[in-house]
Amino acid sequence: MSRLSIWIILGVTLTFLIGPFLIVILAGASAGEALSFPPQGLSLKWYAKVFTVESFRASFALSMFLAIFGTLTALLIGIPAAYALNRYDLPWAETIRTIVAAPIIVPGIIVGLALLRYIVVPLNVTITMALFMVHTALVLPYAVRVVSSSLNNLRGDMEEAAVILGCTRFQAFTKVVLPNIRGGILAAFILGFVTSFNEVPASLFLSGPGVRTLPIDMLSYMEITFDPSVAALSAILAFLSVAIVFLAERLLGFSRYV
Amino acid sequence: MFLNRKEGLALALPAAFFTLLFFLVPVGILLSVAFQSDTGWSLNGYFEFFSKPLNRAVFWRTLKLGLLVAGASAIIGYAAAFCIVSLPPKSRGRIFGLVVLPLMISPVARTYAWIVILGRTGIVNDVIVGLGLSDTPIRLLFTETAVFIGLLQLFLPLMIISLVSAMENIPRDVIPAARVLGASWLQVFLRVILPLTKEGLVIGGTLVFTGALTAYITPAILGGSKVLMLETLLYQKVNVSNDFVSASVIAMILIVMSFTANIVLKRIASVRR
């Protein structure tokens, strides 16, 4: 194929994939009151307004909490699991793997509903706690997979050598293994954070008075008002996620692990 | 490899129990709801669900849109992946980065863009009215086309990524060799590229198809209650009509469809090779 046709095909594809964002960024920078494109004059007032909306601030805090602590918890139970699946001769290893990977295949909306009906209501668990459980379970498969792939690249005889030289098994893990899979753990954290922060279907039914994740809050705001603030907020969030991933790629070659 | 099984289990079981207790058990209970009736176990929930024309229509529409999106992304994906692979390494990396970029962005933001584009006062309608093709804005949102476009934009990157990594493994000279020996581009595609990238196509196809089946945001924003899909129907059944039997039936359909897609497509990939 000629160079020209290659660039035409790529240009059209990338315009389709990325063009809409540029439009959202501009639509959020409108000076007008209603959402429109091209924007009616440019201003940053909607970008500023986003930070003053009380519900956005509350839901942003909740989403941050879930993304950080959900992912940390997933790593706390996921790293040992990945280590055991990699280094031990485990009975039922396949079953454990399937169970841990299940949240990727089961559609999120079902999980949210199931937790609401059979955990939140009968056991009197708070919505926030239920959200925390769902987000942890959703991030867990990614944590196990990413950490596993970096364990695969680390030779098992290093820990054995450490044990022979007098380390306990636990010391061998903290002194030999952990420093070597640091990059993988950080990559898993970033992937988990972005996944959890952007999650919608599983959180859909898990919202109560004043308790909503940010994407859900944006969805309901959109239904009531038609001003450009959601466009501005979308643009800010898009920029944040891209910046996080870009930095991660620059600093540790993120894509090696994912 | 350590042989202490107890120690290994102690490390692995917390994760498995967490997912089992807080994820799989509640889902299992929800799925069992549709099989229960006053007189014991029965399939009445399913018969009742499929006896309603609206539910059947939504079921077929979801399947149809899933297949259409997977098919369209395969066609565009092959063209795009072929172009990316034939670029010099440096620009290949950059373009590939641009393809991956949207995956990092919230689906809400990604879908919201289409409201700006397809809405009553959106760009497309501005152009249509401006050119005098229509006196009043046309309804573009809340149509199947809008949902199709939204889903395609959401999941196309997954297909391109799978196909690019499959095509990178094609030996360099194979395609020129086939051309020199007289194969047309169609023959090159059908007899060289397709067989060598089948696995990537299958992986990409599964990801796109199951993604489209289980997407909530896109049909909710771009389809609304005019173009219901199974996920949005489930939401309505619960929040509008409090009908948990139907919700349980839909949940089962969604799970069965995404599991079957995973298994069937994996089998195709392994048999043909």
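**Reading helix packing**

Guide: The crossing of α3(B) and α9(B) is right-handed. A crossing is left-handed if the near helix is turned anticlockwise from the far one by less than a right angle, and right-handed if clockwise. Helices here are DSSP runs (H or I, at least four residues), numbered from the N terminus. This is a predicted model, in which local features need pLDDT of at least 70, side-chain atom pairs count only at pLDDT 80 or more, and totals for chains, interfaces and linings use all residues. Residues are numbered from 1 along each chain as its sequence is written, while chains are lettered from A and ligands numbered from 1 in the order in which they are written.

Visitor: At what angle do the axes of α3(B) and α9(B) cross?

Guide: Two packed helices are described by the angle between their axes and the distance between the axes. Axes are lines fitted to C-alpha atoms, for helices over the stretch in contact, and angles run from 0 to 180 degrees between N-to-C directions. For α3 (residues 53-85) and α9 (residues 185-213) of chain B, the axes cross at roughly 145 degrees and come within 8 Å.

Visitor: Which residues of α3(B) and α9(B) meet?

Guide: Contact requires C-beta atoms, placed from the backbone, to lie within 7 Å. Among them are G66(B) and G77(B) in α3(B), and G204(B) and F209(B) in α9(B).

Visitor: How many residues of chain A are in contact with chain B?

Guide: Chain A contributes 68 residues, in contact with 62 of chain B. On the chain A side, α1(A) gives the largest share, 13 residues.

Technical notes
Helix = DSSP H or I, 4+ residues; strand = E, 2+ residues; numbered from the N terminus. Contact = placed C-beta atoms within 7 Å.
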